[in-house]
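Look at the model first, then read on.

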Amino acid sequence: MSDTQKIRAAESRPDVLSLNIREKSALYAAYIPALKGGGIFIPTNKSYHIGDEVFMLLNLLGDPNKLPVAGRVAWITPAGAQGNKVQGIGVQFNNDESGAAARSKIESLLGGYLHSSRPTHTM
């Protein structure tokens, strides 16, 4: 494999992001039910573009099992965003088994929190 082929192969692989959320309030702030299929906000100062593929390993509320889920960057909150919003990316879960499992798990953990009017990283 040539150097150019190696670079292209590395560029085509989605980034792997790990997110550890320990508290229900933090999960509520990060979850994005408004995206079709659900999504999650991931704080990061790494540069992304809308549509970039990412693979996430989510550790939710102390569960020893990490939840693997793939998705695409749906929006970007840049550094210095208005309202002191945290820099990061909003990732829409893929429309597949991993995305459905992530959405189901998060929504079951949040329960009544989903209807809260508390501010989030997304709104």
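Contact means heavy atoms within 4.5 Å. Helices (H or I, at least four residues) and strands (E, at least two) are DSSP runs, numbered from the N terminus. This is a predicted model: local features need pLDDT of at least 70, side-chain atom pairs count only at pLDDT 80 or more, and totals for chains, interfaces and linings use all residues. Residues are numbered from 1 along each chain as its sequence is written, and side-chain values use heavy atoms, with hydrogens and water left out.

**Helix 3**

The buried residues of helix 3 (buried: under 20% relative accessible area, 1.4 Å probe, protein chains only) are Gly 99, Ala 102, Ile 106 and Leu 110. Down the axis of helix 3 they fall within an arc of 65° (taken from the directions from the helix axis to the C-beta atoms), so they line one face of the helix. An α-helix has 3.6 residues a turn, so residues three or four places apart point the same way. On the other side of helix 3, Glu 97 and Ser 108 are exposed, meaning over 50%.

The buried residues of helix 3 pack against these elements:

| Element | Residues |
|---|---|
| helix 2 | 24-30 |
| strand 2 | 39-43 |
| strand 3 | 53-60 |
| strand 4 | 67-77 |
| strand 5 | 88-93 |

Just after helix 3, Gly 111 takes a positive phi of about 50°.

**Thr 44**

Thr 44 sits in the loop between strand 2 and strand 3. Thr 44 is buried, at 16% relative accessible area. Leaving aside neighbours within four places in sequence, Thr 44 is in contact with Gln 87, Gly 88 and Ile 89.
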